Amino acid sequence: MAKKGKSKRGNLLGPILILVGIVLAIGAFLCSFAPAYDSAFSIHDVFPNFIIDAKATMSIPLINFIFGGWKATLNYSIAGAINDTMEFNAKDGLSYCALISFILLVLGVIVGLISLFIKGKILPAISGLFILAGGILIFLIGVGGSDVILTIGEYDLGSLEFKDAIESFNFTMSAGTILYGILGILGGIVTLGGTFLKKK
């Protein structure tokens, strides 16, 4: 009797781990609404012909890199005396790796949920690999993307190639990207662990 109960618990462990992996992947998705990059730069370093020079900071959400269309509040100071904000917008600016990562996470979650109701280890293995790859790929967010068409306030600033924009704005990876990647990687590993423990 005790052996039967132990066997039943063992059979449940695989699906539970797969479900935990899916939850972690969903947590990664939620991190896409947090900042992807923080930026601290001099406006004239990026736009030499802009009407003012100022030190500026801003944060852009990860979701804007996944689907394009950067939006942020630009905080700037002039000679340390004038402090104000302007709306920063950019058309396009979609990161190819961020979009692929997002698609892999979505597919991983869907396949993982289906695998809970179907016998076999192939579907949960695919789910785990998709989620794991999605978590890893997000760390390549700045590698390539569509051109960025920039405006600050009412000023049209032209366009920059994606990689040039990442470098010009002196972006540093922020909490949203890091947590998204960590949760995705953990979700993939846990899902794959559940795959090996799942009953055939």
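User: Happy to start with a helix pair: what is the handedness of the crossing of α5 and α7?
Analyst: This is a predicted model, where local features need pLDDT of at least 70, side-chain atom pairs count only at pLDDT 80 or more, and totals for chains, interfaces and linings use all residues. Residues are numbered from 1 along each chain as its sequence is written, and side-chain values use heavy atoms, leaving out hydrogens and water. A crossing counts as left-handed if the near helix is turned anticlockwise from the far one by less than a right angle, and as right-handed if clockwise. For α5 and α7 the crossing is left-handed.

User: Which orientation does α5 have relative to α7, roughly parallel or roughly antiparallel?
Analyst: α5 and helix α7 (residues 175–197) pack at about 160 degrees with axes 7 Å apart; axes are lines fitted to C-alpha atoms, for helices over the stretch in contact, and angles run from 0 to 180 degrees between N-to-C directions. Angles under 35 degrees count as roughly parallel, over 145 as roughly antiparallel, 65 to 115 as roughly perpendicular and the rest as oblique. Therefore α5 is, relative to α7, roughly antiparallel.

User: How many charged residues does the contact of α4 with α5 have?
Analyst: Contact means heavy atoms within 4.5 Å, and residues of α4 including C97, I100 and L104 meet residues of α5, among them L123, F130 and L137. Ala, Val, Leu, Ile, Met, Phe, Trp, Tyr, Cys and Pro count as nonpolar, Asp, Glu, Lys and Arg as charged, and the others, Gly among them, as polar. By class, the contact of α4 with α5 has 15 nonpolar residues, six polar ones, and of charged residues, none.

User: At what angle do α4 and α5 pack?
Analyst: Helix α4 spans residues 96–115 and helix α5 residues 122–137, and their axes lie 7 Å apart. The two are roughly antiparallel to each other, and α4 passes α5 in a left-handed crossing. They pack at an angle of about 155 degrees.

User: Is S39 buried or exposed?
Analyst: S39 sits in strand β1 (residues 35–42), and beyond its neighbours within four places in sequence, S39 is in contact with A56, T57, M58, F169, N170 and F171. Buried means under 20% relative accessible area, exposed over 50%, and partly exposed in between (1.4 Å probe, protein chains only). Because its relative accessibility is 4%, S39 counts as buried.

User: How many helices and strands does the protein have?
Analyst: Helices (H or I, at least four residues) and strands (E, at least two) are DSSP runs, numbered from the N terminus. The count is seven helices and seven strands.
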